[in-house]
Amino acid sequence: MPTILITGGAGFIGANFVRYTAENRPEYTIRVLDALTYAGDRSNLTGVPGRVDLVHGDICDADLVNALVAESDTIVHFAAESHVDNSLDDPEPFLRTNVTGTFRLLEAVRRHDRRLHHISTDEVFGDLPLDSDARFTEQTRYDPSSPYSATKAASDLLVRAWVRSYGVRATLSNCANNYGPYQHVEKFIPRQVTNLLTGERPKLYGEGINVREWTHVDDHNAAVHLILDGGRIGETYLIGSGDERSNRQVLDLVLTLMDRPAGEYDHVGDRPGHDLRYANDSTKLRTELGWRPRYADLADGLAPTIDWYRTNGWWWTGPKEAAEARYRRQLAGR
Ligand code: NAD
Ligand code: DAU
């Protein structure tokens, strides 16, 4: 049975990828490498069918990474520091994990000639104007805005360089904003849903006019498996549902789905350097590999996501207190 090593497999998208793989691709033996930072939790893997081997360790640990890669056939690299607001507050962990960690992994993959898929973000392209139909494509120039996106851009460029210079067998994908179960409560949708569940008012940065393209985590992970199976080595694939909405529209939808009055939220100080709009053109993925989002409409995936947070308070109560304390500290430090 081929062994798949999933870095960051105890975080939001990684844990959903583990679950998706266990349920849909039983031919794989699954191994997870995760440092279990504030964003990763063993309990995210509870109830996954079959056996998942979780190694608690750091992707910057060259010896550990080398040993795990040697025992694997395929590596999917999710591990990262992932939150823009945290990167604005303290960029250093982002440089370490996102850049050095990816470098360590690439060196091990090169040494053992293993298949790698690198997970990245549309934020590497910077942002698009609000009043246009333009979309990012695989050819869009890199122009990251935040420390987070700059380190993800650096990691993508390392992967591309290792493909070209050393013949490493890697593919890349850049996905739009994800949502779904197990997303950390620091992120926009879970933060507002859990604010409403705890009697707090949702917090909208600035006027709420910034636009994001919302893709369900299962659609993201289905795309990753299609790329692993049929993607061309060295190629990049953009992933996005096509459902673009302003943050205000998303919040209005959350309020409607939770039977709350429209406009029940606070405007708070804007994020420094706040990217205006993201939108991916995923034609290549759709035409080459036949990908179609199951949740083409955010409302279809959001309702079950809200239900998940409603019934899993035990999962988010502790992290919520810590995240809100972090937000208060970050605001005071600006
Ligand atoms: P997350 O923050 O929820 O999870 C990250 C995981 O990586 C955690 O389990 C954490 O413990 C682990 N990790 C962090 N540093 C590590 C280290 N040094 N060694 C080993 N493990 C470490 O992130 P996420 O939202 O699940 O994002 C996963 C990946 O997808 C990231 O690469 C991110 O850039 C990318 N991405 C995210 C989105 C999104 O909307 N969330 C969209 C596109 C791409
Ligand atoms: O586009 C892909 C990216 O999407 C990923 O690479 C990142 O890892 C992921 O965190 C996400 O980045 P964003 O910065 O877009 O996501 P976030 O959930 O932090 O914010 C979404 C939008 O909502 C953004 O415009 C900021 C706004 N926002 C966020 C928070 C936390 C608010 O208005 N209020 C909030 O409280």
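Okay, so when I say buried, I mean under 20% relative accessible area, with exposed over 50% and partly exposed in between, using a 1.4 Å probe and protein chains only. By that cut-off, 56% of the 334 residues of this chain are buried.

Quick housekeeping. This is a predicted model, where local features need pLDDT of at least 70, side-chain atom pairs count only at pLDDT 80 or more, and totals for chains, interfaces and linings use all residues. Residues are numbered from 1 along each chain as its sequence is written, chains are lettered from A and ligands numbered from 1 in the order in which they are written, and side-chain values use heavy atoms, with hydrogens and water left out.

So, the overall picture. The chain has 11 helices and 12 strands; those are DSSP runs, H or I of at least four residues for helices, E of at least two for strands, numbered from the N terminus. The C-alpha trace spans about 55 × 40 × 40 Å along its principal axes. Call heavy atoms within 4.5 Å a contact: of the contacts between residues at least 6 apart in sequence, 81% join residues at least 24 apart.

Now let's look at helix H1. How many of its 13 residues are buried? It's 10, so to speak mostly covered, and among them are Phe12, Ile13, Phe17 and Val18. The cover includes strands S1 (3–7), S2 (29–34), S3 (52–56), S4 (74–77) and S7 (177–179), plus helix H7 (217–230).
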